[in-house]
Amino acid sequence: METEKSMAIGKFRYKIPFWFVLLSPFLLCLISFELYYSALSNENFSVTFLVHNLELPNAVDDKKPISLVRNFLGNQATPKIIRNKNTEINHHFDSCSGQYIYVHDLPSQFNEDLLKNCHNLEKWNDMCGYLSNNGFGTKLEDENSKRVLMENGWFLTNQYSSDVIFHERMKKYKCLTNDSSMASAIFVPFYAGLDIVQHLWGSNISTRDSSARKLVDWLSRKPEWKTMWGRDHFFIGGRVAWDFRRKTDDESDWGSKLMFLPESRNMTLLTMEASLWNNDIAIPFPTHFHPSEEIQVFVWQERMRKRERKYLFSFAGAPRPKSEVSIRSELIKECESSSELCEFMPCGGTNRCDEPANVIGLYQDSIFCLEPVGDSATRRSTFDSILAGCIPVFFHPGTAYSQYLWHLPKNYSKYSVYIPETDIRKKRVKVSERLLGISKDEVMTMREEVIKLIPSVIYGDWRSNMERTFHDAFDIAVKGLLERVEKVRKKMKEGKDLSEYYAEEYGWKF
């Protein structure tokens, strides 16, 4: 039977028309020409259509290697299925799906020109050194810093330089797109903090509001604005939100009106300290530590675990004698009267606190770090204390708990101690007694939680293609922003109320 079957097949092959054999090369040439012409006329879709109709075998299928199809079709079997140079259409295999960010190319007056004017930005300081190295500032290379800090990764970073730091990190973001229709969010690289600091003292309200009005006018004319009327747009404040929320047109009122302009009410502001409005989101102040390698973070964390701490608690700061509600004077008095338990570092005229090694060194020697309210509710010192493995002690929920919702644990008792301001003001609680009442086991557990937080509160100096096992402050902020915009986009499609996300003031927030 097998012989007969083979003969039958052989006969069939033998009976193929002679004209078909002659025409076969011409048919193959015709197919190749058609594929080539299709690739030239519509490379993105025609080639893809033909390849898909041929049902390319799975690359992991050993029985149907994809090379067989490529041998038949030539180079046309490897289609360029892209929408632009950077973005694949096939979202199933697209690791950036839902994470694409489009960056507006703003006129230079909103960012680059401010950097060129760095000598004159701030009334009392030359900001050029602070804004060097992509906003990280001058590298710390003195011998004292090497002993207290580490040899690499430390900079003299200004607490209000996040405008530049965030923009420079965004340039390295792995999911940037030049096609705004692909974007899940739109970044506006306006250096709002550097712009307003020029005019906070001595300028009239027209001058203070000038850049803000020009910015929203420029944005509202762009096609990207009309997609969600700005609700997918975000920018960095670089200072506390109150600097951008002047309620009145009284010349004596503080700040600019940036966040009260109609267009700005739809945008999200990422700032060092959020206000009572829902489109303000707080992100960490920049610290002085900007590692370029992941191992630097792990080495630093281990050093903080092993550090011997000679003080129960410490405070680095200055009193607020003109403030009737400040508890700083009471804290300083208790610290100075308990010198065997507490160390006080005065900030102000001596400028000791301007040296990172001094502050970080003090916090490394302390089990607890006091973080009272100052000129505003938040402090960069909060993140310095976390960086040094020192357990922060808060006296107002607006200092951290109701601020850094993306970066710090909701269960604040895991990593910090809370003593209400009123208990200090009315002398119901002594800080030393409260802290001595915490057991050694509890201290060790809380310190470990603090040390685990270190990666999430630093802004790294990573290379763009660097793979890491943790997210830093920038990564967490971008993730939170994308999730926020996606929720808003969904609610808009459903026709639901958006007041919980935009322009509503809640007095109970803090």
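Two strands pair if DSSP finds at least two bridges between them. With that rule in hand, F235 stands opposite L269 in β6. The model is predicted. The protein has 19 helices and 12 strands. Of its 510 residues, 49% count as buried. Among contacts between residues at least 6 apart in sequence, 72% join residues at least 24 apart.

**The sheet**

- An open sheet is formed by 5 strands, in the order β1-β4-β5-β6-β7.
- The pairing in this sheet is parallel.
- Strands β1 (101–103) and β7 (280–282) are the edges, and each pairs on one side only.
- Neighbouring strands are turned by 30° against each other on average, direction ignored.
- Strand β5 (residues 233–236) and strand β6 (residues 268–271) are joined by 3 bridges and run parallel.

**Helices on the sheet**

- Helix α8 (residues 162–171) packs on the sheet.
- The strands that α8 touches are β1, β4 (185–187), β5 and β6.
- The direction of α8 makes about 125° with that of β5.
- Helix α19 (residues 473–494) lies across β1, β4, β5, β6 and β7.
- Helix α19 runs at about 130° to β4.

**The α12–α18 pair**

- Helix α12 (residues 294–306) packs against helix α18 (residues 440–453) at an angle of about 160°.
- The axes of α12 and α18 are 10 Å apart.
- Angles over 145 degrees count as roughly antiparallel, so α12 and α18 are roughly antiparallel to each other.
- The crossing of α12 and α18 is right-handed.
- On the α12 side, Q301, M304 and R305 make the contact.
- On the α18 side, the contact residues are R447, E448, I451 and K452.
- By class, the contact of α12 with α18 has 2 nonpolar, 1 polar and 4 charged residues.

**Residue S184**

- S184 is found in the loop between α8 and β4.
- S184 counts as buried because its relative accessibility is 12%, and the cut-off for buried is under 20%.
- S184 and E483 are 299 residues apart in sequence, yet 9.4 Å apart in space, C-alpha to C-alpha.
- Neighbours within four places in sequence aside, S184 is in contact with G98, Q99, Y100, D232, L482, V485 and R489.

Note on methods
Residues numbered from 1 in each chain as written. Predicted model: local features only at pLDDT ≥ 70, side-chain atom pairs only at ≥ 80, totals over all residues. Heavy atoms only, no water. Helix = DSSP H or I, 4+ residues; strand = E, 2+ residues; numbered from the N terminus. Axes fitted to C-alpha atoms, helices over the stretch in contact; angles between N-to-C directions. Contact = heavy atoms within 4.5 Å. Parallel < 35°, antiparallel > 145°, perpendicular 65-115°, else oblique. Left-handed = near helix turned anticlockwise from the far one by under 90°. Nonpolar A, V, L, I, M, F, W, Y, C, P; charged D, E, K, R; others polar. Buried < 20%, exposed > 50% of the residue type's maximum accessible area, 1.4 Å probe, protein only.
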